[in-house]
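This briefing concerns one predicted protein model and is arranged by topic. Please consult the sequence and the coordinates alongside the text.

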Amino acid sequence: AVVSTQSTGTWDVLQKIALNNGKPPIEGTLAPVQHVETVWYDIFKHPYRRRSLLIICFFAGIVWVFYGFLYLLPDMMSQGYCDLSQFFDVTYTDSEDCTEYTKDEFLFLTVTNLLYIVGYVVSPITAEYWGRLPTLRYSFWGGLVFTALLLICPGSTVVMYIELFIVINMYGIAIATVWLYTPECYPTFLRSTATGTHNGFSKIGAAAGTFLTEIVDSYSIRYSIIIFSVILLISSVATIFLRQETAGKSLKDDRDVNHRSTPYEENEEICLEIQQEYGTGSPTASHTESPKMGEKE
């Protein structure tokens with residue numbers, strides 16, 4: 001790799017590579033690489049605006065539903081929604097009007113939340129073999145379908161548990177895939193800024209999900225489920241418009257359709273060509289540093 005402050009030293013190293021391999025001196029020049037400062041709103045500039053808005057829908061939506069469901073499930077139990085507490089004592093209220101959960105209910109909630117781990121394991125597997133976009137789509141659409149089915153009491157507590165298991169795993173797969181996919185959608189100089197910005201928007205979704213779910217649940221469990229379904233519908237539709245598949249690509253190859261090479265990328269290509277022609281016994285790794293960031297497209 002080449003940096004602007006060491007262009008001369010880098011060029012000398014490349015000439016030594018040629019000399020050590022018995023080749024004639026290398027002709028040409030190295031273009032300087034400029035240091036680019038980025039701010040959070042750069043992700044909303046061309047050509048990243050469209051993908052950034054879509055990823056915000058994914059991040060804020062799935063985190064809203066994910067954390068909101070953590071509050072919804074205990075309320076479903078305490079209110080006896082669809083006979084969910086059939087297999088253990090129902091939550092009761094003590095003399096001070098405080099909600100008390102039984103030992104069996106705490107065990108149920110613990111096991112249920114651990115089931116998210118299954119989704120975290122499935123996500124990287126399917127994202128690697130099927131692709132990031134198919135994984136995003138089946139997890140969001142699957143989460144939407146099975147969340148909406150919670151509006152209908154199946155008449156069997158076992159079936160209800162199965163629905164909850166699928167819902168929880170769909171949420172886990174979706175949130176893990178969004179975290180995996182987001183940094184791969186941006187070039188090196190903008191990757192950390194973009195990931196941090198989207199993480200910030202996810203906090204808004206998390207705050208809204210936890211706060212509003214408690215309020216809505218006091219009126220009706222079904223109202224919360226309807227809100228979750230609407231949020232998942234918006235996010236699911238958004239997955240249709242996302243076109244950038246990053247599976248099987250290196251971060252360097254993950255570029256926009258209308259990509260224009262930056263000086264850094266041109267220098268990198270020059271170095272690769274030189275290594276292929278003159279040999280790979282290059283001391284460049286010990287003589288140069290990797291660039292901090294490249295020039296914006």
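The protein chain has ten helices and two strands, where helices (H or I, at least four residues) and strands (E, at least two) are DSSP runs numbered from the N terminus. Along the sequence these elements follow the pattern α-α-β-β-α-α-α-α-α-α-α-α. The model is predicted, so that local features need pLDDT of at least 70 and side-chain atom pairs count only at pLDDT 80 or more, while totals for chains, interfaces and linings use all residues. Residues are numbered from 1 along each chain as its sequence is written, and side-chain values use heavy atoms, with hydrogens and water left out.

**Overall burial and contacts**

- Of the 297 residues of the protein chain, 45% count as buried; buried means under 20% relative accessible area, exposed means over 50%, and partly exposed lies in between (1.4 Å probe, protein chains only).
- Among the contacts in the protein chain with a separation of 6 or more, 78% are accounted for by residues 24 or more positions apart; contact means heavy atoms within 4.5 Å.

**Packing of α5 with α6**

- Two packed helices are described by the angle between their axes and the distance between the axes.
- Helix α5 (residues 132–149) and helix α6 (residues 157–181) have axes that come within 8 Å and cross at roughly 150 degrees. Axes are lines fitted to C-alpha atoms, for helices over the stretch in contact, and angles run from 0 to 180 degrees between N-to-C directions.
- This angle makes α5 roughly antiparallel to α6, given that angles under 35 degrees count as roughly parallel, over 145 as roughly antiparallel, 65 to 115 as roughly perpendicular and the rest as oblique.
- The crossing of α5 and α6 is left-handed; this term applies if the near helix is turned anticlockwise from the far one by less than a right angle, and right-handed applies if clockwise.
- On the α5 side, the contact residues include R132, L136, F140 and F146, and on the α6 side they include E163, M170, A174 and Y181.
- The residues of the contact of α5 with α6 divide into 15 nonpolar, six polar and two charged. Ala, Val, Leu, Ile, Met, Phe, Trp, Tyr, Cys and Pro count as nonpolar, Asp, Glu, Lys and Arg as charged, and the others, Gly among them, as polar.

**Packing of α2 with α6**

- The axes of α2 and α6 are 10 Å apart, and the two helices pack at an angle of about 150 degrees.
- α2 and α6 are therefore roughly antiparallel to each other, and their crossing is left-handed.
- The contact is made by residues including I55, F59, I62 and F69 of α2, and by residues including L164, V167, Y171 and W179 of α6.
- Its residues divide into 20 nonpolar, no polar and no charged.

**Packing of α2 with α8**

- Helix α2 (residues 49–78) packs against helix α8 (residues 221–240) at an angle of about 160 degrees, with the axes 9 Å apart.
- α2 and α8 are therefore roughly antiparallel to each other, and α2 passes α8 in a left-handed crossing.
- Among the residues that meet are C57, G61, W64 and D75 in α2, and I221, F228, S235 and T239 in α8.
- The residues of the contact of α2 with α8 divide into 16 nonpolar, five polar and one charged.

**Residues in helix α7**

- H198 lies in helix α7 (residues 188–217) and counts as buried at 0% relative accessibility.
- The side chains of H198 and Y186 are joined by a polar contact of 2.9 Å; a polar contact is a pair of N or O atoms within 3.5 Å, and within protein one must be able to donate a hydrogen and the other to accept it, with residues adjacent in sequence counting only if both atoms are side-chain atoms.
- Apart from its neighbours within four places in sequence, H198 is in contact with I43, S52, I55, I56, F59, T182 and Y186.
- K203 also has its place in helix α7, and K203 is exposed, with a relative accessible area of 54%.
- K203 and W64 are 139 residues apart in sequence and 8.6 Å apart in space, C-alpha to C-alpha.

**Residues in loops**

- L242 lies in the loop between α8 and α9 (263–278) and counts as buried at 3% relative accessibility.
- L242 and R51 are separated by 191 residues in sequence and by 6.8 Å in space, C-alpha to C-alpha.
- Leaving aside its neighbours within four places in sequence, L242 is in contact with R51, L54, F58, L133, L136, R137 and Y181.
- P47 has its place in the loop between α1 (7–20) and α2, and the peptide bond from H46 to P47 is cis, with omega near 5 degrees.
- Most peptide bonds are trans.
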